[in-house]
Every structure is written in structure tokens, then in C-alpha cells.
Amino acid sequence: MKRINYNLLNPLTFVAIFLLLSSLAYSQSQDIPSEQISATVNTPYLFGTSTFRSSALPVDPIQRQGAGAPSEQPTPDLQGGNFFQRLGRFYGQDWKGTLPSAPTPVRRSLEAPLDSPPFPNADWGYGGSPAIGTPDGNVYPLMTALKLQNHRTKIYGWIAPSFNVSTSDKNNFPVSYDIFPNSVVLNQAVVYLERLPDTVQKSHFDFGYHLTAFYGNDYRFTTAKDYFSQQLLQKNRRYGFDPVLEYVDFYFPVKEGLNIRVGRFLSVPGIEAQLAPNNYNMTHSLLYTIDPFTDTGVIGTLKLSKQWIVQLGLSAGHDVAPWSDDRKPSLIACLSYSTKSNHDNFYACANGINDGKYAYNNLQHYDGTWYHKFNSKWHMATEAWYMYEREVPNVAGNVANPIATETGANGAFCKAGVQTCTAPEYAIVNYINREVNSKFAVGFRSDFLDDKKGQRTGIATKYTENTLYATKYFGSTVILRPEIRFDHSWDQRAYNNGKARNQFFAGMDLIYKF
């Protein structure tokens, strides 16, 4: 293995400061005078199971639904003391498993198939909408410290650094998001400001909104053209900022619920998401690494029944702002079906459909996902897609007067003598997961990608990867996710900047929620 590079750690300094402040707050909270301690808690702190979608809102709730009885020991009142004392007590009780409990909020949807934690979501995922029929029972450490835990508008987020060791020394890609080998990085520092609409009730209109401040190494994979994209496309900065989610939700009591989302949202299909807490493990699949990331537009989600959901939307195209010169009116259409037991879910999408001509990330994306629960401990998630672009410039060096490619958008390796060609690719990924206990899970991912013309990765070859991973929760606010991974390119040398067919990777990230 190569020596780890510590030269790019400056963004991690504020992570260390944050962790130090949390530790100081926790130690300070241990010294509260006894007269400020009360066993009576007036605010519920046991929250409903996570229902946030892999392509919608991340971050699981601070406590697991049905996760044990309340502690029999008296618990400090989380509302006493100053800001740092309240913050410290929250973390202290969360890590000890002694946060006060409250009745589980009512939900108007099928029974959640999974436990969260240890999994990132309790329900099967669909994007472009809050989980219709599922309550927002989440309370976060920062909101509690601010004494705003009962407000519907919430401020919360996380910090996610990671490290990796790799047999490559130039580039880990198409491993993502840790593309810089043998290094320690700040992947994400994220702050959310959001209000979720009340989709449990069916009597009146409601609304919500969401604003995101996203900073870190991972902005390289969320950047959309003309949303501060000069950081990457012109300056190629290692770390950057991206307003990755900015939208409003309008909820109407139609059928089982209709939500209309307007703004910039995550591309709707898929098991994975850009936001670290939404994923089973640290790195992303090959399938996810090269598909669309965000869309800006409008999408309607109509829940016809507890089992059927239909979605229809219109965007400006994948990963471009509506004011970009690459904008194109693009159709989004999805259908989701769950069995009555909710042990199976099928989710199919035609995503970003237009004329398909070459432009910045103008992928014609057809995606299908199947989730299956075997029993209370085991489940799997499988996703496959087919994508293409038309009239992609030939960069194989076998044509006179080649057409220039657009910055940030690869060309294709076409046959000799043609200036452009259609560039297709297809991929499939499978996750199999086991819940060991409410704070620990393990899983295995296998993944195949055929980048037939090299338009997505820059090299025309087939790829496979296999990853063994684990997820360990400390309370519900700290997550460690170690993994080991082996990648192989079958037709050409595609790893370490085209020098190797094989790559062995090991790493771990830490997610610290606030």
C-alpha cells in the first residue's frame, strides 16, 4: 500500500474543532447542579422510524422505532442549562441509549419493512417527494440545544470525513467519492434548513421547503452546470460548495396524497444518494457513480393507494441549471408498486427523456429497482439501468476534423471515419444486507458496468466491483462505515489513470450528525 497523503487536511481542521466542542459540551453537561436536573420530560424524544428516501431527504431519526423501553433511571432534563450543556446532554444520552421515549407517531402507509438504524432508511425508496403518509417525528441535537425541537422548521446536518488506502497511487476512479488514493479527506459538511409538509393528514393543503449548504470533496459529484460549477469545470478545485437541494413542496389531499416539488432535487431513481447518511456504505457502486445526480424542475408524486405511486415531472435536463445553454425540456415518469406485506417493492423510471443529443450529462436514463425482504434480518436491493446519448463527438483519434467536446462532458470512442455516434452503457448492482442488531449491520455489494463507448468513464471497457462493508452506530448520531473493495476492468487498463486492470481499496468514513 502507498503512504497516506496528509497534505490536504486543512478542511478537516474545523471538523476537529466541532468534535472538540461536542466533547467539551458533553463534559460540561456532567457538572450541572442537581437542582437543574429533572426526571420529568415534557417533549417527546423517541421518534418514528426513518422514512427518508435515497433520492429524497436523508438522515435517519435520532431514535429507532420500538427500540427498547425507556430507561428506568432518572434522565436529565434536556431543556436545562446553556446551549452547550443541552447539546452535550443530548449526545451523552444518545450514546448511552437513555434518551427519553415517547409514543410512536401515527403513519398512514404500509408497515416499514426495515429498521433504521442500522439501515439508512426504514422504507423502500422513491425520490422527488417526502414519504407520503409517514410522519416527521425527528428531533436533532442542534434543534434541542436551541430549544426549538418542537418547531416544524428544522436546522440539522452532519460532517463526514474519511480515509482510504489503495493499490493505486494516481486515481481511484471510478471508485467514488474517494477518488484520491491513500488520503484523508473531508467528504461532506452539510447543513439543512427544512420544513416537511404534513402528509399523514388528508384534510387540508400543506407545504414544505428545503435549503442545503453542501461543502467538501464530494461536490465534484454533485456539481450541476451553472450552479457555481466554475469551481470544478474551470478551476478543478479539490473542495467546493454546492447548493445541491433547493426546493419547495406543495401537498394536496388527493387520493392518498399528492406532492408537487419545484426546484432542484436529487435525480429520482436509485438505491443510493449523494448525501452520506443515505447509503449502506462508504463508497458508491459503479452504477451510481456515472448516472445523473440532480434535476431542476417540477415533479408530481401521486399516491394512488398504499401500494401504488405514480410520478410525472419536467426538468431542464440532468445536472444543468434552467438558465444553462445546455437546458432541454426533459420528461420524468416513474411507477412504484409495493406488495401488501411490503416485503417487495418495484420502482421503474424513465428519467430525463428528450431528443438525447450530446450535451452536458444529457443522459437518456431508464432505471428499474427491486427491493426484497427475506426476513427480519436479511434484505436485498437490486438496481439496473440502460442509458445513452446520441451524436456524441468521436474522440478515438480515427477521424479527420474531430468535433470538440464540451468541458466536463466526455466524448465517445466511435468506429473509424465517423464524427459522432450513439454512446450506450448499461449496469446492474445488488446489495445484500444483514441486521446483526439495532446498531450494527453488514453487507455485500456486487456490481457490473459496461461503458461500451467510454463516454461515462473515459475508457471503453467492462467493469466489475465487489465490496464487503459494515455499519456501526454509536447512539444514532455517530456512524462508522469500514469497507474493503476489489475492482477489475475487463477489456482495457482502466484503473490508476489507465495503468492497471485491478484495484484493491480499503477505507472508512465517519458521519457525525448534529
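Visitor: What does the accessible surface of the protein chain come to, and what share of it belongs to carbon and sulfur atoms?
Guide: The model is a predicted one. The accessible surface of the protein chain is about 19500 Å². The share belonging to carbon and sulfur atoms is 59%.

Visitor: What percentage of the residues in the protein chain is buried?
Guide: The chain has 514 residues. A residue is called buried when its relative accessible area is under 20%. Buried residues make up 60%.

Visitor: Is Asp509 buried or exposed?
Guide: Asp509 sits in strand β17, which covers residues 502-513. Its relative accessible area is 5%, and the cut-off for buried is under 20%. Asp509 therefore counts as buried.

Visitor: Which residue's side chain is joined to that of Asp509 by a polar contact of 2.6 Å?
Guide: Beyond its neighbours within four places in sequence, Asp509 is in contact with several residues, among them Pro161, Met282 and Leu480. Arg481 is also one of these contacts. The polar contact of 2.6 Å is between the side chains of Asp509 and Arg481.

Visitor: How many residues apart in sequence are Asp509 and Met282?
Guide: Met282 is one of the residues in contact with Asp509. From C-alpha to C-alpha, the two are 6.1 Å apart in space. In sequence, their separation is 227 residues.

Visitor: How many of the residues lining the largest pocket are charged?
Guide: The largest pocket holds about 800 Å³ of space. Its lining has 32 residues, and those nearest the centre include Phe173, Asn410 and Arg456. The lining has 14 nonpolar and 14 polar residues, and the number charged is four.

Note on methods:
Residues are numbered from 1 along each chain as its sequence is written. This is a predicted model: local features need pLDDT of at least 70, side-chain atom pairs count only at pLDDT 80 or more; totals for chains, interfaces and linings use all residues. Side-chain values use heavy atoms; hydrogens and water are left out. Buried means under 20% relative accessible area, exposed over 50%, partly exposed in between (1.4 Å probe, protein chains only). Accessible areas come from the Shrake-Rupley method with a 1.4 Å probe; for residues, only the protein chains shown count as cover. On a 1 Å grid over the protein atoms alone, a cavity is a set of points where a 1.4 Å probe fits but cannot get out, and a pocket is an open set with protein on both sides within 12 Å along at least five of seven lines; lining residues have an atom within 4 Å of a point. Grid points are joined across faces, edges and corners, and a volume is the space filled by probe spheres set on the points. Ala, Val, Leu, Ile, Met, Phe, Trp, Tyr, Cys and Pro count as nonpolar, Asp, Glu, Lys and Arg as charged, and the others, Gly among them, as polar. Helices (H or I, at least four residues) and strands (E, at least two) are DSSP runs, numbered from the N terminus. Contact means heavy atoms within 4.5 Å. A polar contact is a pair of N or O atoms within 3.5 Å; within protein, one must be able to donate a hydrogen and the other to accept it, and residues adjacent in sequence count only if both atoms are side-chain atoms.
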